[in-house]
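Here are a few notes to go with your first look at this one. Have the viewer open while you read.

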Amino acid sequence: VQLQASGGGLVQAGGSLRLSCAASGRYGMGWFRRAPGKERDFVAAISKGGSTTDYADSVKGRFTVSRDGNMVSLQMNNLKPEDSAVYYCAANRRSISSGIYYRIADYGDWGQGTQVTVSS
């Protein structure tokens, strides 16, 4: 599976960014992030069929994951400095239509990561 993530950048607190991830097929997808000195954490996921989504508590109400075919997007609003991290999209080749996956181990394919920096 080839994954190409894009859309990161520098934004002020309260601003918005939209990340996109182009996959070479249709899979259950996840977004994770790694801040400096921290582990890679779950951010959001969307099912293969697109009908189910879920989010980490820290981003609920601010981030929205969506998909259009093989393209998955993460709309990030009201960004906070603590959202600064490298964001990764990931694919689960064995996903079922409505499945949502939260663990790093659930995903076998990862994009290269895109940096998001939120200034205060």
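How many aromatic pairs does a search of the whole structure find?

1. The search turns up 5 of them; rings of Phe, Tyr and Trp (its six-membered ring) pair if their centres lie within 6.5 Å, with planes under 30 degrees apart called stacked, over 60 edge-to-face and the rest tilted. Tyr-107 and Trp-110 make an edge-to-face pair, 6.2 Å centre to centre with 65 degrees between the planes.

2. Before going on: this is a predicted model, where local features need pLDDT of at least 70 and side-chain atom pairs count only at pLDDT 80 or more, while totals for chains, interfaces and linings use all residues. Residues are numbered from 1 along each chain as its sequence is written, and side-chain values use heavy atoms, leaving out hydrogens and water.

3. Tyr-107 is buried at 4% relative accessible area, and Trp-110 is partly exposed at 26% (buried is under 20%, exposed over 50%, partly exposed in between, with a 1.4 Å probe and protein chains only).

4. Beyond its neighbours within four places in sequence, Leu-74 has contacts (heavy atoms within 4.5 Å) with residues including Leu-17, Trp-31, Val-43, Phe-63 and Tyr-87.
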